[in-house]
Amino acid sequence: MPGEWSIAPGSEAKRVLLYFHGGGYCSGSILSHRRLVTEAGRAARMRTLAIDYRLAPEHPFPAQHEDALAAWRFLRAQGIAPEHIAVGGDSAGGNLTLSLISKLRTARERLPACAWLLSPWTDLTMSGATLASRDLVDPLIHKAYLEELADAYAPDPMDLKDPLISPLFADLKGFPPTLIQVGSAETLLSDATRMAEALGAADVEVNLEIWPHMIHAWPVWNAALADGRLALARAGEFIRGTMGRR
């Protein structure tokens with residue numbers, strides 16, 4: 001499985017952000033998200049590891065989960081302590097972040113220091129209210145498109161309510177501190193807000209940021225978008241602050 005380190009000047013070698021790119025489990029790559037990942041690492045002042053996990057439809061669920069766990073095992077084999085690892089991702093990558101933590105917790109393994117979820121896709125049953133209410137505002141993500149992605153990633157007869165497929169329905173007790181960033185113009189807004197509510201109800205420390213007028217995964221365009229750079233700076237502060245407590 002291909003992976004790529006990003007090491008900005010001043011990065012702490014013993015601290016790592018493990019990042020899973022978005023793309024609905026059917027697209028996206030190290031290349032498409034290289035600048036986002038690099039700048040996130042710069043803001044967090046730590047190395048980043050991005051991986052090219054396998055994609056659907058050629059590789060449906062659970063191939064992506066196997067690859068995410070392999071990446072985690074790789075970091076642990078390098079001697080990186082769990083409390084020095086942050087796990088993050090955008091869209092489907094946020095989904096994969098939550099599912100990896102769920103698998104680690106079920107196995108009673110030590111968990112990462114924190115999770116960073118950027119415009120996470122948490123409910124593949126597509127029951128979020130903003131899929132309809134934000135449909136005319138969001139220029140990128142629409143329900144029919146998400147349904148195509150879900151069919152490729154978890155085809156029948158898979159249950160889309162499986163907590164590893166839709167982490168909104170998972171048992172979230174014991175999860176690490178989590179930052180969720182989402183744009184107010186996203187059809188996936190309710191995936192983020194309901195996830196924050198579910199985490200809070202499970203007594204997890206959760207920070208929800210709703211960015212006015214922002215679209216899906218807006219920090220991808222941080223080169224030209226000031227709010228993208230600011231969001232990454234806020235994520236970096238959260239990650240550093242969380243690791244500093246452990």
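Predicted model: local features only at pLDDT ≥ 70, side-chain atom pairs only at ≥ 80, totals over all residues.
A search of the whole structure returns six aromatic pairs. One of them joins tryptophan 5 and phenylalanine 74 in a tilted arrangement, with 6.4 Å from centre to centre and 45° between the planes. This pair links distant parts of the chain: tryptophan 5 belongs to strand 1 (residues 3-6) and phenylalanine 74 to helix 2 (residues 63-77), 69 residues apart. Tryptophan 5 is partly exposed, at 32% relative accessible area. Phenylalanine 74 is also partly exposed, at 36%.

The rings of tyrosine 25 and tyrosine 153 are stacked, because their centres lie 3.9 Å apart and their planes meet at 15°. Tyrosine 25 sits in the loop between strand 2 (12-20) and helix 1 (34-44), and tyrosine 153 in helix 5, so the pair ties together parts 128 residues apart in sequence. Both tyrosine 25 and tyrosine 153 are buried. Ring pairs also extend the contact into a cluster of Tyr25, Tyr53, Phe61 and Tyr153.

Ten salt bridges are present in the structure. Glutamate 4 and arginine 34 form one through their side chains, at 2.8 Å from N to O. Here strand 1, which holds glutamate 4, is linked to helix 1, which holds arginine 34; the two residues are 30 apart. Glutamate 4 is partly exposed at 26% relative accessibility. Arginine 34 is partly exposed too, at 38%.

A second bridge pairs arginine 54 with aspartate 67, at 3.1 Å from N to O. Arginine 54 lies in the loop between strand 3 and helix 2, and aspartate 67 in helix 2, 13 residues apart. Arginine 54 is partly exposed, with a relative accessible area of 31%. Aspartate 67 has 8% relative accessibility and therefore counts as buried, the limit being under 20%. Arg54 and Asp67 also belong to a salt-bridge network with Glu66.

Arginine 110 and glutamate 83 meet in a further bridge, at 2.7 Å from N to O. Arginine 110 is partly exposed at 48% relative accessibility. Glutamate 83 is partly exposed at 22%.

On the surface, Glu147, Glu148, Asp151 and Asp156 gather in a patch of negative charge. Among them, glutamate 148 lies in helix 5 (residues 143-153). Glutamate 148 is exposed, with 57% relative accessible area.

The backbone was examined next. Most residues other than glycine have a negative phi, and most peptide bonds are trans. The bond from alanine 56 to proline 57 is cis, with omega near 5°. Proline 57 lies in the loop between strand 3 (46-51) and helix 2. Another cis bond joins aspartate 156, a member of the negative patch, to proline 157, with omega about 5°. Proline 157 is placed in the loop between helix 5 and strand 6 (178-183).

Positive phi values occur at two non-glycine residues, aspartate 203 and histidine 213. For aspartate 203, phi is about 65°. Aspartate 203 is in the loop between helix 6 (189-201) and strand 7 (206-211), and is exposed at 69% relative accessibility. For histidine 213, phi is about 70°. Histidine 213 is in the loop between strand 7 and helix 7 (226-244), and is exposed, with a relative accessible area of 69%.

Methods: Residues numbered from 1 in each chain as written. Heavy atoms only, no water. Patch = residues over 30% accessible without salt bridge, like charges linked within 9 Å, V, L, I, M, F, W, Y side chains within 5 Å. Areas by Shrake-Rupley, 256 points an atom, 1.4 Å probe, with all protein chains shown as cover. Salt bridge = Lys/Arg side-chain N within 4 Å of Asp/Glu carboxyl O. Lys, Arg positive; Asp, Glu negative; His and termini not counted. Charge placed at Lys NZ, Arg CZ, Asp CG, Glu CD. Helix = DSSP H or I, 4+ residues; strand = E, 2+ residues; numbered from the N terminus. Buried < 20%, exposed > 50% of the residue type's maximum accessible area, 1.4 Å probe, protein only. Phe/Tyr/Trp six-rings, centres within 6.5 Å; stacked < 30°, edge-to-face > 60°.
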